[in-house]
Amino acid sequence: VPPEVSTRSDTTPKTTMRLGMMAQTTGRNHARAWERNKEDACKEKRSHGKGIQRNVGMVRKTRRTNVRTQAVATQTWNLAVLTSVVAVATWKAVESYGRKVAERKKKRVVVVGSGFAGVRVARRLQSDVTLLAKRDYFEFTPGVAHAMVDGTHKQLTMKLEKAVPNANVEIIGNNDVVDVEDGYVHVQGKTFAYDYLVLATGSTYTPPLKPSKIEERIHVRERAFRICAEALKDASNVLVIGGGVAGVELAASFVSRYPQKKVYLADEHDRLLYKLPREASIYAEKRLREKGVHLVLGERIKSRGMNGRTKGFECTTSGDTIEVETVFFCSGKKPNSEFGKLGPGETLLEWNEKGYIRVNECLQSTRSGRIFVLGDVREKQEREYIAGQAEREADYVVKCIHRMLDGKEELPPFRPGAVRLSVALGPSDGLMVNGDRLVARGMIVPLVKQVIERWTIWFLAKRYFDFHRRMAVRLAPALA
């Protein structure tokens, strides 16, 4: 054997070990590289998947944004179209209403009377209105009984020029309407032509419940209330004749303010507030007796003349005598319906045996469709002679006149509705009636009555409340 071969055979195991180690190292390296490549491939695949998901999300988001934008654009367009349609329709309605008002303005309406009914009609009519009034002020008559005791009358009144700014106010003083013709009213030598006539002259009571003939101006009326309050303050006893709402409120106000003084309340009926439900009468009598009021019921009172400072009155049934220093008559209501009984007016109006003017179901005179009669001067049930009912009648008459001015001759019949009435039994007590039921009693009633009083006077000081009427009145001259 050659020496080279033997030499190689001696080194073969080491070489083999090296080669084996190199092979192992190479295999491990290849395995690691394969693992790395595999991990890189997985990472790339995951990255690619996330990229696809991200792209899909962006596409979806873009689609949603586009859909929302399109929806907002559609809604905006629909809103713009709807707004335009509403604006055009509103303008057409206001223009049509303005033309209607312009046509109504060409007609002449004369309103006689400045009470609740007359002022409400003159205020709400959209015609050429002339208001004929005996006084230059409106008075909230339900608050008169309380004002007679404390003398605070100013808060109950409002100048007619402020209360009825849209009407031509004519103060006729104590002169009644001299004559009523078909189309004309004559008073104080003046003639007022009308297309429609509204008679709301009210009724007459013994002063100071209603203004006397000399109380044409508001300052004279206020002075009369101050004199009345001073007289009540100086009197040691008072007799109130009449057990209706006015008499009950006057007696309750006086005894509440001067509990040490004696108050008599007399009425010919067997109970107070005989027009109201019996439950209301029982409560009023109980509360007044608790306050110290002496009730004289079922008796007619006859005067026996003066005896020094006192006035003597005799009860015709029992024969008892009442001596008092001051007396107030809260009964004997009479309608102001003397006008027109002479001359042509007799053919246009019809009176009943008590002097009330007869009307049909539409509150028109039974002899003329151009004359409306409402308030205390017309014939109706006894319990309907209240301010709230007069206002309902006024609203109805305004609607009827507007319908007739618009060419609609057929009128719906008037429905009076339930009688709602509040009676104050002093500053902290009272009762409220709705129809045939006593619905409230106690301290809440005078508070409600004061709110109604303040609201009525405040409302008269405001010219217009609703937008369409204000726009129509402004458009009427231009569209005439």
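Mentor: Ile172 sits in the loop between β5 (168-171) and β6 (179-181); strands are DSSP runs of E with at least two residues, helices are runs of H or I with at least four, and both are numbered from the N terminus. The model is predicted, so local features need pLDDT of at least 70 and side-chain atom pairs count only at pLDDT 80 or more, while totals for chains, interfaces and linings use all residues. Residues are numbered from 1 along each chain as its sequence is written, and side-chain values use heavy atoms, with hydrogens and water left out.

Ile172 is buried, because its relative accessible area is 5%; buried means under 20%, exposed over 50%, and partly exposed in between, with a 1.4 Å probe and protein chains only. Between the C-alpha atoms of Ile172 and Leu131 there are 9.9 Å, and the two residues are 41 apart along the chain.

Aromatic rings form a further topic. Rings of Phe, Tyr and Trp (its six-membered ring) pair if their centres lie within 6.5 Å; planes under 30 degrees apart count as stacked, over 60 as edge-to-face and the rest as tilted. By this rule there are 5 aromatic pairs. In one of them, the ring centres of Phe116 and Phe138 are 5.1 Å apart and the planes stand at 80 degrees, so the pair is edge-to-face. This pair links distant parts of the chain, with Phe116 in helix α2 (residues 116-124) and Phe138 in strand β3 (residues 137-139), 22 residues apart.
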